[in-house]
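Colleague: I'm new to reading structures. Could we go through this one together, a question at a time?

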Amino acid sequence: MSVAVVTGGARGIGAGVAKRLRADGHRVAVLDVDTAGAEGDAVVHCDVADEESVATAFDTVVAELGEPAIVVNNAGFARDQPLTDMSLSDWDAVVDVCLRGAFLTTRLVAPFMKAAGFGRIVNISSTSALGDPERVQYVSAKSGLNGFTKAAALELGPYGVTVNAVAPGFTVTNMTVRSAARRGRTLEEHVRITAEASPVRRAGHPEDIAHAVSFFTSEGAGYVTGQVLYVAGAPLG
Ligand code: NAI
């Protein structure tokens, strides 16, 4: 049993991951800017893009549960706009939460994990890392996160710390409610149309992503690092 931290764990994929890691026997701290409805052994307010907020949140986790051996960098969002209309503040907001956030948490926990000789870091990337129109900041941040995963895996591997990424495809959450609205579809229509086009003929759910995270965080996965696993109902990557 380990202490696990899930960022953005109050809802959606993060909540699914937190639930699964608790079922796996871990004590889970959920870190989120909006903690409403969050369920965990500790629920801590945190803006992952803010250095001080991350430091304070991890102090709380260590005090309440102990030093984390597992961190899932899941907090993230997209703001869809054509490149030419994208404001600098929207670029910064998306890159900061998706990429800077993973750097801030990893830099903070790596010393604990190195000292313990064990750690599991999982970054939630996206199929968008492979390219997606009107999302240039999100695509850049997620493909950056894939590179970050590989670089951190090389540095932390000698200390028993693995770093991997799970890259979800279409997964039904609040984020997809917004994607449906942007296309003028109800969520039900959007799920049906996306599922029909999928090789596995269904949409993804947070449990699908949580299953992959559970594998990467398991003790037996110590020989797997620097990987990006597309959980998308299709052969990608
Ligand atoms: P969601 O919008 O349902 O949940 C995101 C959570 O992150 C929320 O609880 C939100 O409050 C939190 N959050 C946002 N900014 C934060 C910050 N600065 N600090 C701490 N917490 C923050 O979204 P969803 O779909 O669950 O997304 C989770 C992750 O999965 C994101 O990284 C997203 O990019 C990724 N993803 C989602 C896909 C989907 O189809 N839903 C597909 C591919 C990737």
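Colleague: Okay, α2 and α3 cross. Is that crossing right-handed or left-handed?

Modeller: Keep in mind that this is a predicted model. The two helices to look at are α2, residues 51–64, and α3, residues 88–116. Their crossing is right-handed.

Colleague: And at what angle do α2 and α3 pack?

Modeller: Two packed helices are described by the angle between their axes and the distance between the axes. For α2 and α3, the axes are 9 Å apart, and the angle is about 35°.

Colleague: Which residues in α2 meet α3?

Modeller: Start on the α3 side, where L104, T105, R107, L108, V109 and F112 take part. By class, the contact has eight nonpolar, one polar and two charged residues. From α2 come E51, V54, A55, F58 and V62.

Colleague: Now the ligand. Which helix gives the largest share of the shell around it?

Modeller: Three helices each supply at least two residues of that shell: α1 (12–23), α4 (136–156) and α5 (174–182). The largest share is four residues, and it comes from α5.

Colleague: How far is a polar side-chain atom of T173 from an oxygen atom of the ligand?

Modeller: T173 is among the residues that come nearest to the ligand, along with I13, D32, N74 and Y138. For the side chain of T173, the distance is 2.5 Å.

Colleague: How much of the ligand's accessible area does the protein cover?

Modeller: On its own, the ligand has 830 Å² of accessible area.

Terms used:
Residues numbered from 1 in each chain as written. Predicted model: local features only at pLDDT ≥ 70, side-chain atom pairs only at ≥ 80, totals over all residues. Heavy atoms only, no water. Axes fitted to C-alpha atoms, helices over the stretch in contact; angles between N-to-C directions. Left-handed = near helix turned anticlockwise from the far one by under 90°. Contact = heavy atoms within 4.5 Å. Nonpolar A, V, L, I, M, F, W, Y, C, P; charged D, E, K, R; others polar. Near = heavy atom within 4 Å. Polar contact = N/O pair within 3.5 Å; in protein donor to acceptor, adjacent residues only side chain to side chain. Areas by Shrake-Rupley, 256 points an atom, 1.4 Å probe, with all protein chains shown as cover.
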